[in-house]
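Welcome, and please load the model in your viewer. We will go from selection to selection, with a short note on what to look for at each stop.

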Amino acid sequence: MSSLSNRAKFRQIQPPRQIFEKLERLGFGSLRRTKRYEGVVRTLQKPEGPPDPEIKFPLTSFFAGAKTPASFPPEDLPEVAVVGRSNVGKSSLLNRLASSTVVRVSDKPGLTQQINFFSVGRLFFMVDMPGYGFALVDEKERQAWRQLMEDYISSRKILKRVYVVIDARHGLKIADLDFLQMLNSKRVRFQIVLTKCDIPVLPDLARRVTMVQKDIAQYRNAIKDVLVVSSKTGAGINFMRKEMLFLVGHLRSDKVQRIPM
């Protein structure tokens with residue numbers, strides 16, 4: 001049995017060069033670096049051509065809230081859902097994607113207590129799901145939220161993807177792995193979104209991406225590419241908007257700049 005702590009094991013991870021290159025291209029190159037990685041960063045391949053033009057969603061507004069499956073709106077538009085443990089930055093991410101305050105942000109776990117549907121210019125619905133894991137409610141209510149989310153995930157034929165939001169400082173926790181297993185068992189395509197990526201130093205962010213990629217390799221329905229964003233600085237947000245527009249059929253594939261990990 002290894003005597004190394006989890007932190008020591010994390011520090012031993014050696015991220016491949018292409019992860020550093022992706023983080024640089026997404027705008028995370030200004031993160032504080034360590035002396036050990038200064039040489040690596042100086043030799044990275046710099047992106048060619050002008051920076052990617054910013055894409056903003058059309059007006060995003062609240063459309064409907066559902067506490068029961070009977071309240072789900074008709075399946076008239078494609079949907080992408082956003083979910084995560086309480087206090088991982090899900091609400092801030094939704095607001096940044098929408099370029100406006102469409103979701104109330106709070107430090108209180110469990111603020112979202114229903115499934116909320118936001119219309120993005122009548123192009124698609126961005127769906128805000130309740131947080132799983134710890135919340136300031138009793139176990140019965142948490143189980144009701146979980147059942148509501150499972151009913152939604154199982155029934156929506158127009159659901160294009162579930163984005164699972166993870167705090168980049170902490171990585172995947174037991175509650176996350178349990179939720180990913182549920183998504184995988186229901187054959188729902190999902191993708192990890194690392195948030196608060198402006199906080200870790202660059203080498204630790206690269207390690208976290210590497211570790212998460214390894215953790216999700218076991219899931220057949222996981223998108224292997226990990227999205228990396230900061231709601232505070234906006235880094236990575238433009239790329240995520242493009243991915244979402246492509247998924248719902250409103251952006252050609254050649255307009256989405258692929259940045260492989």
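Start by selecting helix α5, residues 139–155, which lies across β1, β2, β3, β4 and β5. Its direction is at about 45 degrees to β3, with axes taken as lines fitted to C-alpha atoms, for helices over the stretch in contact, and angles running from 0 to 180 degrees between N-to-C directions. Helices here are DSSP runs of H or I with at least four residues, strands are runs of E with at least two, and both are numbered from the N terminus.

A word on the model before moving on. This is a predicted model, in which local features need pLDDT of at least 70 and side-chain atom pairs count only at pLDDT 80 or more, while totals for chains, interfaces and linings use all residues. Residues are numbered from 1 along each chain as its sequence is written, and side-chain values use heavy atoms, with hydrogens and water left out.

**The whole protein**

Now show everything as a cartoon: the protein has eight helices and seven strands. Of its 261 residues, 52% count as buried, a term that means under 20% relative accessible area, with exposed being over 50% and partly exposed in between (1.4 Å probe, protein chains only). Among contacts with a separation of 6 or more, 75% are between residues 24 or more positions apart; a contact means heavy atoms within 4.5 Å.

**The sheet**

Select the strands next. They form an open sheet of seven strands in the order β1-β3-β4-β2-β5-β6-β7, with mixed pairing; two strands pair if DSSP finds at least two bridges between them. β1 and β7 (227–228) are at the edges with a single partner strand each, so one side of each has no neighbour in the sheet.

Zoom in on β3, residues 115–120, where six of six residues are buried. In a regular strand the side chains alternate between the two faces of the sheet. Colour I115, F117 and S119 for one side of β3 and N116, F118 and V120 for the other: both faces are covered.

Which strands flank it? β3 runs antiparallel to β1, joined by six bridges, and S61 has S119 as its bridge partner in β3. β3 is also antiparallel to β4, with five bridges between them; here F117 is partnered by V127 of β4. Follow the chain from β3 into β4 and you trace a hairpin with three residues between the strands, where G121 in the turn has a positive phi of about 55 degrees.

For a parallel pair, select β5 and β6, which are linked by six bridges. D167 has T195 as its bridge partner in β6. While you are in β6, pick Q191, which is buried at a relative accessible area of 1%. Beyond its neighbours within four places in sequence, Q191 is in contact with R161, V162, Y163, V164, I223, D225 and L227.

**Helix α4 and its cover**

Now move to α4, residues 90–98. Seven of its nine residues are buried: K90, S91, L93, L94, N95, L97 and A98. Their cover includes β1 (60–66), β2 (79–84), β4 (124–128), β5 (159–167), β6 (190–195) and α8 (237–247).

The axes of α4 and α8 are 10 Å apart, and the helices pack at an angle of about 80 degrees. That makes α4 roughly perpendicular to α8, the class for angles of 65 to 115 degrees (under 35 is roughly parallel, over 145 roughly antiparallel and the rest oblique). Show side chains for L93, R96 and L97 of α4 and I237, M240, R241 and M244 of α8, which make the contact.

**Two loop residues and a last stop**

Most residues other than glycine have a negative phi, and most peptide bonds are trans. Go to S99, in the loop between α4 and β3: its phi is positive, about 60 degrees, although it is not a glycine. S99 is partly exposed at 40% relative accessibility. Then try K196, in the loop between β6 and α7 (202–216). K196 has a positive phi near 60 degrees and is partly exposed, with a relative accessible area of 23%.

Finish with K22 in helix α2, residues 17–28. Is K22 buried or exposed? K22 is buried, with a relative accessible area of 1%. Draw a distance from K22 to V228: C-alpha to C-alpha they are 9.4 Å apart, yet 206 residues apart in sequence.
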